[in-house]
Amino acid sequence: MSVRRDESSGARAEKSARCELRLPREGFGTIARALAKKVRTPPPPKRPVQAPQRRDPKKTRPADDRRRLWGIIAVLCVVAAAGIGAALYFALRNDNGTATPAVAGPNAYNSLPGIRKTKAPWAPEVAHLQDRLAPLNLNSSQSEQLAYHIHQHLDLFLNGKKITVPECIGIYGCYNSFVYITELHTHHPDGIIHVEAPSNRHYTLGTFFAEWGVFLNKKCIGGYCHGYKWYVNGKPQTGPAYALKLEPHQEIAIVIGKPPAKIPSTYNWNGL
């Protein structure tokens, strides 16, 4: 009995020892499992690191760019306009300093009242003169306006013979029953054109012919429509005669048909 008790006691002691030895293992396993099950925060995804952008302090704003662009455009426009103007100026001048347009449209003055497409001679047309003044930029006056006073001379030739340029073109009533005078006129049948205006105003040969009442275009003078040649200071011209700007001391010659023996290149102005 004592032996069994001893054995029984020994067995219980051994069993107790084994239980005590398990506790640390069970505890360690529990902690390990707890640590194993602990939720960990995942690391952030790897993203490419962008280098910081360097700001250029000298970079202009869009508004500044636009202002600078418009400034450059304005300068270029001025330069281009000046170049075109200079080119036209020299292109339209001949050796005598007479400016004639290279290109001109139809002579609109030919549609004014009283314009005649007849053969010479041509007296001054006065029945519709008053109706033509405003379209021609001419004014009626009771006296001559001498602030701007220049002269030209006109020679007309038909088959080598002169056609008279009459007196009192642009003078209504002439001298016997004077009513008014305009800035553009003739005093005598000598072909001298008088430009007498209150200011520096420009007129053309087309203005003078329309005031006279004579049809003039690129091919016709009055009723003569087989073409003509014309000259300024003895030099042949290529543009339309009606577009010629009247300048001081121009000798203008228009030749219909056979030319004269000599084309006049100057005129004795006698102090005019």
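A disulfide links Cys-220 to Cys-225, with an S to S distance of 2.1 Å; the term applies to a pair of cysteine sulfur atoms within 2.5 Å. Put simply, a disulfide is a covalent bond between the sulfur atoms of two cysteines. The torsion about the S-S bond of Cys-220 and Cys-225 is about 125 degrees, so this disulfide is right-handed. Cys-220 is buried at 6% relative accessibility, whereas Cys-225 is partly exposed at 33%. Here, buried means under 20% relative accessible area, exposed means over 50%, and partly exposed lies in between, with a 1.4 Å probe and protein chains only.

The model is a predicted one, in which local features need pLDDT of at least 70 and side-chain atom pairs count only at pLDDT 80 or more, while totals for chains, interfaces and linings use all residues. Residues are numbered from 1 along each chain as its sequence is written, and side-chain values use heavy atoms, leaving out hydrogens and water.

A search of the whole structure gives 2 disulfides. Cys-168 and Cys-174 are also joined by a disulfide (S to S 2.0 Å), and their link is right-handed, with 65 degrees about the S-S bond. Cys-168 counts as buried at 5% relative accessibility, and Cys-174 as partly exposed at 22%. With bonded cysteines counted along the chain, the pattern is 1-2, 3-4.

Attention now turns to the strands. Strands (E, at least two residues) and helices (H or I, at least four) are DSSP runs, numbered from the N terminus. Which strands does β1 pair with? Pairing requires that DSSP finds at least two bridges between two strands. Strand β6 (residues 192-197) runs antiparallel to β1 and is joined to it by 6 bridges; His-151 stands opposite His-194 there. With strand β9 (residues 250-256), β1 pairs in the parallel sense over 7 bridges, and Leu-154 has Ile-252 as its bridge partner. Strand β2 (residues 161-163) is antiparallel to β1, with 3 bridges between them, and Leu-156 is the bridge partner of Ile-163. In the hairpin of β1 and β2, 2 residues lie between the strands, and Asn-159 takes a positive phi near 50 degrees.

Finally, Tyr-172 belongs to strand β3 (residues 171-172). This tyrosine, Tyr-172, is partly exposed, with a relative accessible area of 31%.
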